[in-house]
Amino acid sequence: MARGGSQVTKLQQETSRCAGCGVTLQTQTPSQPGYVPEAALQKEPVICQRCFRIKNYNEAASVAIDQDDFLRLLGGIAATDSLVVHIVDLFDFEGSIIPGLQRFVGNNPVLLVVNKIDLLPRGINTNRLRNWVQKQAKAQGIKLMDIILCSAKRGTGFEYVIESLAKHRGDRDVYVVGATNVGKSTLINRLIRDYSDLERELTTSRYPGTTLDAVHIPLDDGHDIIDTPGIVYQHRMTEIVPRNVLQAVLPEKEIKPVVYQLNAQQTLFIGALARFDFVEGDRQSFTFYVASGLNLHRTKLERADELFAEHKGVLLAPPTAEQLEEMPAWTRHRLSVKRGAEVDVFISGLGWIHVNSQVGALIDVHAPKGVRVMLRDALI
């Protein structure tokens, strides 16, 4: 009897996938993706231990995910006849859009779903926002069938996602692609709840890489919605901060912009995660769009190094001084704002600073090495 039971278990682990993240289940190695205790295989639906801990304790164990596997999975889409839904995070647009997406998906049509619009201040002009997104996508070489602005968390604009899927899908599968933490699984769970008979939902959390393998959600017409793993981009602040700092970095509700009037040679710290130096220019104002969990602290540029050395991890936090030791050292980015330009200083995964004046400025941004820092056309 025991031997027969082990044969069933072996068969199950060879053929079963986690209902939460899509990874192949296994019972042998707890440190590897897909581990599930044998006793848990009898439950329905079966989820791996990692998903269980995310769902019940809001924590996630580190697992080794091969980035090449992600790219191979993406590259396989070009050989299919599918509709591709690319979800991006409006809060981290340049950090979450997939460069070179078109060569991965071939001639398949692309819908761009811009998630987390609920984080922007109310009253923003949606037509202007849509035009801004169109311009950024075109610069990336992405040919779009449609742009949908939505909030998967709030349900705002979700009906437009459904309408666009119905309009453009035809008789095809739907691949959902995007970087980590853009809300892919949250949006698909809305589809499952509202438009599917499935009783399970995908595992969602703020942790990077929650979905580990392609998850197939069957549709009534015999086709599937396929949720692909989130691509991990190390140029995003959210990928390099300690996990318990993510809550402070990722805004959960509408961002409250903070305006500072700065003179040249003044500095503003964003916690201990980045530093904004106004090096040269007339006195002018800058609007900071970052999560409310981050402390902003102003000082003179000449005192900035000393202040950081003495107060990092305490006055200047998060993260803690110990956590900073585990993160990359800061790199300086020099940005020259031309007279007449309407621009943002963008720090991937952390937010952006709008330059309110058009008189020009010389700015230095210090951020962990590898984090993308750039000037872009103003979002708001």
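Which residues form one aromatic cluster? In this predicted model, in which local features require pLDDT of at least 70, side-chain atom pairs count only at pLDDT 80 or more, and totals for chains, interfaces and linings use all residues, the cluster consists of Tyr260, Phe276, Phe278, Phe286 and Phe288. Residues are numbered from 1 along each chain as its sequence is written, and side-chain values use heavy atoms, with hydrogens and water left out.

Across the whole structure, the search identifies 10 aromatic pairs (rings of Phe, Tyr and Trp, the last by its six-membered ring, with centres within 6.5 Å; stacked if the planes are under 30 degrees apart, edge-to-face if over 60, and tilted for the rest). Phe93 and Trp132 are edge-to-face because their ring centres lie 5.2 Å apart with the planes at 70°. This pair links distant parts of the chain, 39 residues apart: Phe93 belongs to helix α4 (residues 93–96) and Trp132 to helix α6 (residues 126–139). Helices (H or I, at least four residues) and strands (E, at least two) are DSSP runs numbered from the N terminus.

Phe276 lies in strand β9 (residues 274–280) and Phe286 in strand β10 (residues 284–289), 10 residues apart. Phe276 counts as buried because its relative accessibility is 1%, and Phe286 counts as buried because its value is 0%.

Conventions: Buried means under 20% relative accessible area, exposed over 50%, partly exposed in between (1.4 Å probe, protein chains only).
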